[in-house]
Each structure stands twice: as structure tokens, then as C-alpha cells.
Amino acid sequence: MRFRTVASVLLLSLLPASGEGIARAESPSPTTLVPPPRAHTFGIRRVTSRELALLLPGRRLKAPAGIGVALLHELDDPATSRDDDEVTLVAVDQDSGMLCTNFSLMRAGCWTGSDWSEGRLLRPEDVAIDRDGNVAIADTGNGRVVLLKHEAGELLPIAAFGGYLEPTGIAACGRGDFLVCDRSRGVVSRLHGQSGVRVPFGMEVSFDRPIDVATIPDDGRLLRGRKRVVAVVDRDGERLRIFGVSGELHATFAARQLDLPGARFRSIDLDYLGNIYATDPQGHRIHKFRHDLLPLHSFGSRGTEPGEFLSPWGIAIHRPLGQVFLTEEGGGRYEWVGTDILDFQASTADGSTAFSFLLTEDSTVTFRVLNVSGKEVAVLISDTRHAAGPQFGTWDGTDSSGARVPVGVYIAEIRARATYASRSTFEKRTIETFVR
């Protein structure tokens, strides 16, 4: 293997998990995102100025903003999947006007444009990178998009495309193209990286102060026959919408519908299945939606423990493995896509018990009915994959042999594992009692 991701630089060291058993979470803390195993991170999940100082002496992230991630073609060995976690991260800091990235396990670098003829970055808000090493920066203070090449362990400036009033969010489309939000103009456009030509996205679509955009790049390895979509946050974080690639509107969701005080969307990204994750800096929360904008989970509070955040801003997801990278106050953190089991309900009528619960992620599920002594009575679901969203089922009141069981108190035990890398190290287990 030629190189390992540096998250001790930007987020965390992404070393392959090894030799760890499955951790079962039974606490009420949210597990839609879960900590990677210790062997994968050296035990470090959050990066602060202390970790950054090790590889970036004299540098500080004062106001971390956007972040991007990609497994570069030049660093990917197609003959093996063992290096699929060896990703490259790019992140921008608004206060310092700085782009940071990793080149190897112990080598990181920053770029400000200070010695470039086109001049320094000024209050950059977002950055994106594709698998070919094309890097695009929303250089907000300068009203331009800066294009770099991440190649052979170097960052090479290519071009600066002006004509924007307030570029904010940016997303890689593949083939060297990027989607760019221009907040002040109320426009989302596709920028052709080689020519600098811009084409408005959604000719019949009206945007109101768009601040971020996300899509899955035109890469058959990721799409696998699924239709590409484009997600846009506008109205300064009050609205999230999903479009087809031609601009046709698929779904709309307003932040006020979450019924959470001050809820807003800042940065968004899509996972492998098309689910949408949105950061909420003011609420110190993450919001997750299904591909059709059905709300799956809103979680988080201010803090540094699992399930807590410090004003999270940028988010980037390495889709094949479900690795999630976040920027927040003073640094960032690294999570894995997990799963949670919420809103369990049970009701019995005419000898049959109806169950419902919510999965926050596509998961492999086992559902057992136990007696109060913990002995298995019946298996309703056995290691079967279920899609994210509401789940419904019934139990006819018979045990595994078909005999009817007496009326009384029973236990519903539900276990779920996500389909990403966390499946080998994490399982959510929920125990609920009910009367039939």
C-alpha cells in the first residue's frame, strides 16, 4: 500500500480495523453516526489544535468551513480493495484563507495562494475534490472559484474563475466539473473545469440565497444504475430540495418542519444510498434524511462526546465505506455511518401484536420475542436487510413451534447492523417490553 490517510492532520488516521469484536450499543445515545474502532484511529476521533500542530507547525484552523473527500485514482490500486479507505481530504479555513490537505500518513500541506499570481484566498467557504485530483475552492471573499490539481504529492494552481458575487457551496460532478452556489445571485451553475464555461443548473428553477449543493459524481462505481440527483440548500439554510440532474424538482423540506428550535441546514452531502446528511452549526446537530427527504434522525448537542458536536459546519462522506468527515470549532472529527432504532411501538388486538419502529439506515435486522426470563420465544426477522425508514410487522402470538403462548409480558429484542464498514464492529441492540 502506498499511502495511508492522515486524519491526525485534518481529521483522523484511517487505518484498517483489525481484530475488534462487534460493539453492541444499548444506551439511548444516538448511533446514526458511530465512532470508528480504536484500531482504525489510534483512539483519536476529534482533531484539535494539538493534533494539527504535530504535522502543521504554526498553523491553526480558526474557522473551519467546507471539506471534501475522494479516493484518488493515482493512489488507488484496482487489483485490491485493501486500500479503499486511503482517502484524500481537503478542507478550508475562513479566517486564515487556507486550504489544508494530506499527502501521506506523515505529510500534510496547506495552500493560501500567497505566492500565486492570482493572489491569496479570502474567506473560502467550501471545497470539493474528485477522483482525478481536481480541487475547486469557493473563494467567497474574492468572488471566484479557484481550481487546483492534487497530483504527485503537490497542490498545483490551475486557474481562477471570476464573475461570481458570493460563491458558497461547491460539489464535484465528475469529469472535472463542479456545481457552484452563488448566494447573492441566487444561482446554482455547473462549472466546466477545463474551459471555465458556466451553465445554469435547472433553467426553470428559482433559487433563493443558495448556500450549499451536493451530488454523487458521474461515476458508475458509485451509481450502479441508480439515478443521479442534486441536493440544494437555499434560503440561508431554511430549505432543502432534491432535483433530478436536469433540474426537475423531486422533493422539498423546510427546516421549520423539524419542530426544533432554530434548526437550520448549513452543509450537506449524500451517502452511497442517496440519503442526505445536513449540518446544523447553531443547533450543534446533524440532520439525516432519506433520499426522498423523509426525516430519519436529528441528533446532537454541544459537546465532545459521541453524539455531541461543536457547531459542525462542513461534511464530506466517502461513500463506498460510509466514512463521514466533519469540520467544527477548532478542528474536526471522523465518524462512521451506523444505524439507530427509534420510536418502537407495540399494540395487541384479537390475539395479534402489531409492531412498528424506525431505522435510520439500511440495516440487516434480527427481531426476536423473548419471555421475561430472556428465553427466546419466536424469531420474527432473521438477519434480513431492511431499508431505512418506518418498519411494520405483526406477531400472531405463537412460539417457534407454532404453539400459542399465554397472555403476559414479553420482550422485543431488535438488533441492527448498517451495511457499511461499521457492520463488522458495531451493532445496535434495542430491548422493549410489551404486553400481549
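**Core, sheets and a surface patch**

Modeller: The largest nonpolar core has 20 residues, and Leu240, Phe265, Ile268, Leu270, Ile276, Phe289 and Leu293 have the most contacts inside it. A nonpolar core is a set of buried Ala, Val, Leu, Ile, Met, Phe, Trp, Tyr and Cys residues joined through side-chain atoms within 4.5 Å. Buried means under 20% relative accessible area, exposed over 50%, and partly exposed in between, with a 1.4 Å probe and protein chains only.

Colleague: Where does the model come from?
Modeller: It is predicted, so local features need pLDDT of at least 70 and side-chain atom pairs count only at pLDDT 80 or more, while totals for chains, interfaces and linings use all residues. Residues are numbered from 1 along each chain as its sequence is written, and side-chain values use heavy atoms, with hydrogens and water left out.

Colleague: Which one gives the largest share?
Modeller: S17, with three residues.

Colleague: What order do the strands take in the sheet of four?
Modeller: The order is S20-S21-S22-S23, in an open sheet with antiparallel pairing. Two strands pair if DSSP finds at least two bridges between them. S20 (268-270) and S23 (295-299) are the edge strands, each pairing on one side only.

Colleague: How many bridges join S22 and S23?
Modeller: Four, in the antiparallel sense; S22 covers residues 285-289. Ile286 has Phe299 in S23 as its bridge partner.

Colleague: What about the sheet of three strands?
Modeller: That open sheet runs S27-S28-S31, again with antiparallel pairing. Its edge strands are S27 (341-349) and S31 (389-395). S27 pairs with S28 (residues 352-359) over seven bridges, and Ala349 has Ser352 in S28 as its bridge partner.

Colleague: Changing topic, which residues form the nonpolar patch on the surface?
Modeller: Val372, Val409 and Val435, with about 270 Å² of accessible area together. Patches take residues with over 30% relative accessible area and no salt bridge, joining like charges within 9 Å and nonpolar side chains (Val, Leu, Ile, Met, Phe, Trp, Tyr) within 5 Å. A salt bridge is a side-chain nitrogen of Lys or Arg within 4 Å of a carboxyl oxygen of Asp or Glu. Areas come from the Shrake-Rupley method with a 1.4 Å probe; for residues, only the protein chains shown count as cover.

Colleague: Why does Val409 count as partly exposed?
Modeller: Because its relative accessibility is 43%. Val409 lies in strand S32 (residues 409-418).

How values were computed: Helices (H or I, at least four residues) and strands (E, at least two) are DSSP runs, numbered from the N terminus.
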